[in-house]
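Welcome, and please take a moment to turn the model around before reading on. The paragraphs below will walk you through it step by step.

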Amino acid sequence: MIDAFRIAGVDVHVETDDRALRALVLTHWKPFAVAASRNRRPHAVFRFTDRGGPALPRLKQWAGFSNDHVIFLTDGKRYLLTGYCYDHPWQFDCRSLPAWDADFVYYYVFEPVLLDVLKRCGVLAWHCAAVERGGFAALLPGVSGSGKSTTTLNLLSCGFRFIADDAAFLRVKGQALEVLGLDTSVYVTDRTLRLLPEWRPSVTAGRHRKGRQWKYQVDLSDRRSKRRTPAVAKYLLFPKVSGGTATRLEKLKPADALLECLKQTPKEFPSSVLGPAAIEAQFEIYSLLVRSATAYRVHLGSDQVGVRAALSRLQ
């Protein structure tokens with residue numbers, strides 16, 4: 001069965017006869033699903049059609065290679081995936097998989113390669129929240145506990161519109177970056193709701209396991225950006241919880257902002273599975289981001305009125 005997806009303008013087809021693998025692909029990428037069309041040529045085609053072969057021990061070592069035309073992954077005994085692109089689209093075949101489960105195939109073979117293909121097409125899936133106002137977007141990267149979700153909700157209270165909670169897609173557009181996302185909710189901790197009780201009416205029923213924490217889902221459907229064209233990245237905000245009550249914005253030089261970007265956890269794991277080509281493509285997008293957006297480190301105080309007052313200075 002073939003499933004078609006359009007991810008930030010990049011068309012991808014996935015063909016598999018494994019139900020568990022297909023279910024995983026749809027779980028993660030269903031918002032991007034489109035009807036397959038013979039008139040629209042995809043950028044990449046993935047085929048997972050043969051799970052035959054003897055079982056092997058759990059993979060412990062990778063070997064891989066990639067350039068402008070070829071990508072392959074191997075465990076030293078057999079090819080796990082081969083891909084080539086001499087005349088578009090990219091063609092990926094995974095025909096000699098050992099008897100590993102669908103989770104392994106998805107997270108260690110399919111998703112890292114898909115994200116690499118997106119980078120080669122000028123699209124980066126980045127672990128960050130995103131909001132926009134007047135066609136200009138603010139990106140908020142950061143690990144759990146950095147204050148990212150709290151800052152996002154405060155920005156919405158300042159008149160911004162919601163784009164993404166956990167992952168945004170950055171697409172190269174000339175000398176700028178367009179920001180896209182399909183999230184309709186944000187996940188927050190008890191602490192965030194204690195700081196911002198005005199958002200409690202928007203919390204849906206129950207709690208959800210996110211990483212190592214239990215979080216509440218805040219429905220932001222009515223706060224979604226309604227723009228027909230993507231917003232352009234203008235601000236890059238790095239939240240950091242401080243020990244005091246006051247909030248201040250510390251402007252960062254492009255070089256310092258680039259270092260902060262490089263500290264962020266890559267979406268794919270293992271990030272270096274495809275070697276330096278994938279990392280170079282990501283670095284180029286980071287470089288464009290820090291050149292085109294103004295970066296701040298947001299030192300967050302406990303006084304939320306002060307947080308909104310500081311964020312409202314973003315023009």
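What follows is a short tour of this predicted model, from a sheet to pockets, rings and a loop.

Let us begin with an open sheet made of three strands, arranged in the order 15-17-16 with antiparallel pairing. Strand 15 (185-188) and strand 16 (203-210) stand at the edges with a single partner strand each, so one side of each has no neighbour in the sheet. If you look along this sheet, neighbouring strands are turned against each other by 35 degrees on average, direction ignored. Strand 16 and strand 17 (residues 213-219) run antiparallel and are joined by five bridges. Here you can find His 208 opposite Lys 215, the latter in strand 17.

Next come the pockets. Rolling a probe the size of a water molecule over the atoms shows where empty space is left. In this model, the largest pocket has a volume of about 1500 Å³. Its lining counts 49 residues, and those nearest the centre are His 127, Lys 148, Asp 165, Asp 166 and Lys 210. Several elements each give two or more residues to this lining, among them helix 1 (19-29), helix 2 (102-120), helix 4 (190-195) and helix 7 (304-311). Sorted by class, the lining of the largest pocket has 21 polar, 17 nonpolar and eleven charged residues.

The second largest pocket has a volume of about 330 Å³. Of the 20 residues that line this second pocket, Val 179, Leu 180, Gly 181, Leu 182 and Arg 224 are the closest to its centre. Strand 12 (161-164) and strand 14 (176-180) are the elements that give two or more residues to the lining of the second largest pocket. By class, that lining has eleven nonpolar, four polar and five charged residues.

Now turn to the aromatic rings, which form ten pairs in the structure. One of these joins Trp 29 and Phe 32: the ring centres are 5.9 Å apart and the planes stand at 50 degrees, so the pair is tilted. Trp 29 is buried, with a relative accessible area of 6%, and Phe 32 is buried too, at 13%. Both values fall under the 20% that marks a buried residue.

Trp 126 and Tyr 286 form a tilted aromatic pair as well, with 5.5 Å from centre to centre and 55 degrees between the planes. This pair links distant parts of the chain, since Trp 126 belongs to strand 9 (residues 123-126) and Tyr 286 to helix 6 (residues 276-292), 160 residues apart. Are Trp 126 and Tyr 286 buried or exposed? Both are buried. Elsewhere, ring pairs connect Phe 46, Phe 48, Trp 90, Phe 92, Tyr 106 and Phe 110 into a cluster.

Our last stop is a backbone detail. Most residues other than glycine have a negative phi. Ala 8, although not a glycine, has a positive phi of about 50 degrees. You will find Ala 8 in the loop between strand 1 (2-7) and strand 2 (10-16). With a relative accessible area of 8%, Ala 8 is buried.

Methods. Residues are numbered from 1 along each chain as its sequence is written. This is a predicted model: local features need pLDDT of at least 70, side-chain atom pairs count only at pLDDT 80 or more; totals for chains, interfaces and linings use all residues. Side-chain values use heavy atoms; hydrogens and water are left out. Two strands pair if DSSP finds at least two bridges between them. Helices (H or I, at least four residues) and strands (E, at least two) are DSSP runs, numbered from the N terminus. Axes are lines fitted to C-alpha atoms, for helices over the stretch in contact, and angles run from 0 to 180 degrees between N-to-C directions. On a 1 Å grid over the protein atoms alone, a cavity is a set of points where a 1.4 Å probe fits but cannot get out, and a pocket is an open set with protein on both sides within 12 Å along at least five of seven lines; lining residues have an atom within 4 Å of a point. Grid points are joined across faces, edges and corners, and a volume is the space filled by probe spheres set on the points. Ala, Val, Leu, Ile, Met, Phe, Trp, Tyr, Cys and Pro count as nonpolar, Asp, Glu, Lys and Arg as charged, and the others, Gly among them, as polar. Rings of Phe, Tyr and Trp (its six-membered ring) pair if their centres lie within 6.5 Å; planes under 30 degrees apart count as stacked, over 60 as edge-to-face and the rest as tilted. Buried means under 20% relative accessible area, exposed over 50%, partly exposed in between (1.4 Å probe, protein chains only).
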